[in-house]
Structures are given as structure tokens and as C-alpha cells.
There are 2 protein chains.
Amino acid sequence: MAASRNLPIGFEASVAGGIPILRVIHESTAGDRLRAVHGILNGTANYILTQMESRAIEFDQALQEAQAAGYAEADPSLDIDGFDARDKLCILARMAFGGRLKVSDIPTYGIRQVRAIDIHSAHRLDSTIRLVGSAEQTEAGLEVSVRPWLVGCRSMLAKVEGVNNAVFLLGDKIGMQMFYGRGAGGDATGAAVVSDLIEIARDLAAGQLSAKKVSGFLDSHDVGICPKPRPVSWYLRLTVKDQRGIVARVAEVIAHRDINIDSLEQEPHLPKERLSFVITVEPVSEPIIQRAVGAINAFEFMLEPVLLLRVE
Amino acid sequence: MAASRNLPIGFEASVAGGIPILRVIHESTAGDRLRAVHGILNGTANYILTQMESRAIEFDQALQEAQAAGYAEADPSLDIDGFDARDKLCILARMAFGGRLKVSDIPTYGIRQVRAIDIHSAHRLDSTIRLVGSAEQTEAGLEVSVRPWLVGCRSMLAKVEGVNNAVFLLGDKIGMQMFYGRGAGGDATGAAVVSDLIEIARDLAAGQLSAKKVSGFLDSHDVGICPKPRPVSWYLRLTVKDQRGIVARVAEVIAHRDINIDSLEQEPHLPKERLSFVITVEPVSEPIIQRAVGAINAFEFMLEPVLLLRVE
């Protein structure tokens, strides 16, 4: 089977304790139609988010602790800006859906902007925040991104805590499958749940893996990325210097693009010179919400760019 | 690797969409020390429990609906009395820990006695009920059983809903790994998450599998079952005909065995001729709680045997 479907031999042997996730995807694509692959693919980012969540600490403190614990490098950008998750997602998506996909074509947002106030607002919405890589095959093409999501507390995504990873496969026959376990870092390297993925990503990043070695990477056609992703709900957090009429002006920008506000809340007990608003909006395609965010970011009262979370 | 460690060739090929769970365990045992394997191994029983949970219906109705939906056989005993889960657990445990283990040596309790009132009581304790097969290697031997557990709502076990299965592996290096997906039944057969396990169990039940074919089944020594499992907490539900002094007599039986009551609640709004009490007790080894349950069952006011749940 490996030979006939071009599964490279190396994929057959998983590191002890690791899940042969690429092999599982490879076999799933033989007997089923995969619809989506998504996952929590970076243990360091997940550690930071869940520390912020469980201990109500700020991003900077959580990051420093992750570095002290050996989970994050001195330059943590690969982890917290989503690039490591993006590289892994790229391999998963190519394996699952075939065709060439460049990492640079995957919209990637990290968690650097997430603040304690967002975790707090998420809780108010019975939710929490996770950095999610997702690739979904639709009739209009592949929807793919790495970004922070607002996920319901009852969601499987929310159950992934600490330096753990999880990969979710959705297929017509298999329904939803989930693979969960430690990510790399600390003592767990070599026993990570997706060790094979980590190895391939490392080789790719180092330019050591010839594309020919990897099945699903042989296809000559590019994956078609969907230009207008399906509507989803969004969470926006604005940090502003208080002045009269802010809410009206923001609401007007949003209404102007036919986006419906689902909820709006001003966080109480904050100093006037640095207020936070949280807005959730009804489902709308990403380009539309991004234009609204661009317009909001241009307001003179904005102290930092809008934090945008996809709502699960 | 397969050859050198006696992994039968058949194990290498998983059914499309299925997780090669036995292969994963096999490889884990090569590079790691597994401590425990447990899982929700019967989709029908899990469907019944989660229907009772989400719709507050009685056991009989949930069972009838499972039969109508094609999840349960006309004789549902294999599913609801835990025998199917026991057969699968036996294979998992032999694979994980080596040595011979007879299914008849695995204490097995099903969900036939679980009632809506138990789901209700579980919710009051921020918990729910799952049928769990567990095998844990301890210094005193293997602790192994299939029984209903009271699991916290935030537990991974609680997140396994409907006809899904999940297998959890705990090891020194791997930490906790979880594999989740559809169980057999309905359209999912052949794409179940643990298809290989289901196949082997079927062959074993039919007497078609020679023990020699299965690695980990070659060992000549028996698995040593732990005679005195470690203390855990328990949930007891008593259904009684009300009369004076019931609580005192039950409490005395429990105190007599040096068991500490953690909580005691009489369900309100029930007819006097059929009252329910729920008692949770602090950690105690199973033989001790079983002796107390035996003594309670002998009381003349007991209308049915105590329902005993292990608390996660």
C-alpha cells in the first residue's frame, strides 16, 4: 500500500510514542473524502494561552514563564506569531487535499496581541482562546489559515491544555477524529503526538526535504485557495482613548458594510485613557470584516490595532 | 520492526479511516513505559448515556431509540452489560502490558442499572456518567475493570459523546495521548476509530484468532491482577421504601468499615414508597466498598441493589 500510493517509507516508522498522523491521513484519503483538517499545532502558544486562562496572568508574564520552562526560544516568534503552526498546517493540508500549497499563501496571525482582558471577555462569553490552524475543502476552494479562535468552553478545542497538540480530521465516513497528546518541547521531544509532522516540518524549514520525498507533494497543480471564505462570526477587541461618540463611529463603520453586531460590551473599571470594547458580529466573510477592521484601525482614538478572533 | 517485535502483519494495515491503535500501543511499549490504558470502548452504551444526559430521558427509552437507530442489537446485552467493552479492553491491556489475561478475569459492570436520577445527581456534582474500561499497571499488579464512572464535566471522558469511542494512553514519556472517533454501528462500521481493535475482538469472540497471531499474546505468564486496588472515591445510589432510621442504618454500615462519607443527598419530590439517596464516599479500595454495598443491599428497605459508580 505504501509503495502503490507513494507514501514515503520514512512515514511508516513513527517515533516511539508518536502518532503516525500523516500515515493516518494518507489512509483516510484512500477510503474516504476528507473535508477538513484542523488542529492546535504549537504547544508553546497553547501553553501561554492556557496559563493566561487558568491564572489570569498577562501575555508577557506567560511568555516569560514559557521561556523559563524551556518551552519557548529566546526569540519566540516562530511559536507566538503562528509560523511553526503554519508550517505544520501546510504539510497536513497538502497530505489531506493534495496539490502544492506554499506556506506563504497561508494567512497567519499569532497570539502576540492577546491580552488578559481577552481571556476575561472570552469567559464572559463562556469561551476561551486557542491558536488554531485550519484547512477546509469547500466547493470554492481551500479555506486555510492560522489564527486565534474564540472557542466555546465545551468545545474539544478548549479541552486541549498546556503544551499539548491536537489534530482533528473531518471526513464523510470517519466523521470527526481527534488525536491528542504532548507537543514538542521540554522532556516530550521525541514522544510528541505528532512527531512525524514535527520532523517533516523541521526538514522542510531547513530545506533538507526534497518535495519528491513526500507523497501528496508530488502533484503539479496548486491548491486553489478560496478567495471568499464562508461567513463566520468574529470577535473584535478595541483599545481606545475615551472620547465622546466612539461607539457610534465604530458602529457606523460596521453597519456600513452590512455587518450585524451580535454583542457589544465595554469592559468596566478601566481608566478613561485606555478603555477596551469587545464586539462580536454575526457571520460574515473574512475580507469584509478585514475591511471594517482596517477602517476602525484608522480612527485617531485607537491606541493599538483591533484584535480579531474567529468565533468557532 | 514489525518482524523483530512480533507484530503480526495484519496489524500494519488499518482499515481506511481507522486508527491503528494496536500498532500505536505496540510502538509505545518499545520506547516508553505505559502506565495505563483506558477508554470508552462501546459506542452504543455511550450513545445511551449521552442521550439520557442531553434529553433527560430514562434508560429504557434511550435503549429503545438506540435499537431503532440500529446502534443496538435486539439483545443488547453485549453493549449495555459491558461485555463488548471488556473484550476490547482485554486486547488493549494484553498489548500494553504483556502477559495472558482472560476476559473472565476482568470485573465487568454495565449501565443497565443507570437511571435518569443518576444523570441528574451527576449534574448536581458537576459530573456525568460514562462506561469506562480501564487497565492500570501498579506495583501490586494490574488494576483492570469495566464499569460506569462518574466523570467531571470538564474531563476528556465527558467530552466523548454519542456513538464515539476514545482510547487514552498514559506513559512516562508520552504523557497522555487520546484517540477519538466514531465507534462501530450504523454507517460508521469500517471507518471506526479503533477498527483494528473491533476486528480482533470479533475474531477472538468467534474463536477464529489463534493466540499465536497476536503479539503480546505470546507471553506464557499470566498478567497479575492486583488483589487490592488503590483507593478511589465512589458514588452510591440507594433506592428505598421510606421508613424511619434509614440514613442512620446506612451510615452505620459505612462507618463500620472506616469509610468516610463525602456527601449525602436525598433526591427531593419523590414518592415516599420509592425514595432515592445518593452518597459519595472518600477514597477506599474496591473490596471494602463492595462489602459495604453487600451489607446495604441486605437491608429490607432496599427496593433494588445499590448502583455503584467509580468517581474519576
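Student: Where is the place of B:Asp258 in chain B?

Tutor: B:Asp258 sits in the loop between helix H9 (246–256) and strand S7 (261–266) of chain B. Helices (H or I, at least four residues) and strands (E, at least two) are DSSP runs, numbered from the N terminus. This is a predicted model, where local features need pLDDT of at least 70, side-chain atom pairs count only at pLDDT 80 or more, and totals for chains, interfaces and linings use all residues. Residues are numbered from 1 along each chain as its sequence is written, chains are lettered from A and ligands numbered from 1 in the order in which they are written, and side-chain values use heavy atoms, with hydrogens and water left out.

Student: Is B:Asp258 buried or exposed?

Tutor: Buried means under 20% relative accessible area, exposed over 50%, and partly exposed in between (1.4 Å probe, protein chains only). B:Asp258 has a relative accessible area of 69%, so it is exposed.

Student: What about the phi of B:Asp258?

Tutor: Most residues other than glycine have a negative phi. B:Asp258 is not a glycine, yet its phi is positive, about 55°. A:Asp126 lies in the loop between H7 and S2 of chain A. Its relative accessibility is 52%, so A:Asp126 counts as exposed.

Student: Which residues of helix H7 of chain A are buried?

Tutor: H7(A) spans residues 116–124, and A:Ile117, A:Asp118, A:Ile119, A:Ser121 and A:Ala122 are buried there. Their cover includes helix H3 (43–55) and strands S2 (127–138) and S3 (141–152) of chain A. Strands S6 (232–240), S8 (275–284) and S9 (302–311) are also among the covering elements.

Student: How many helices and strands does chain A have?

Tutor: Chain A has 10 helices and 9 strands. Of its 312 residues, 57% are buried. Among contacts between residues at least 6 apart in sequence, 71% join residues at least 24 apart.

Student: How do I describe two packed helices?

Tutor: Use the angle between their axes and the distance between the axes. Axes are lines fitted to C-alpha atoms, for helices over the stretch in contact, and angles run from 0 to 180 degrees between N-to-C directions. Angles under 35 degrees count as roughly parallel, over 145 as roughly antiparallel, 65 to 115 as roughly perpendicular and the rest as oblique. In chain A, H9 (residues 246–256) and H10 (residues 286–297) pack at about 155°, with axes 9 Å apart. H9(A) and H10(A) are therefore roughly antiparallel.

Student: Which residues meet between H9(A) and H10(A)?

Tutor: A:Val250, A:Val253 and A:Ile254 of H9(A) meet A:Ala292, A:Ala295 and A:Ile296 of H10(A). The contact has 6 nonpolar residues, no polar and no charged. Ala, Val, Leu, Ile, Met, Phe, Trp, Tyr, Cys and Pro count as nonpolar, Asp, Glu, Lys and Arg as charged, and the others, Gly among them, as polar.

Student: At what angle do H3 and H4 of chain B cross?

Tutor: H3 (residues 43–55) and H4 (residues 59–68) of chain B cross at roughly 130°, and their axes come within 9 Å. H3(B) and H4(B) are therefore oblique to each other. Their contact divides into 7 nonpolar, 3 polar and 2 charged residues.

Methods
Contact means heavy atoms within 4.5 Å.
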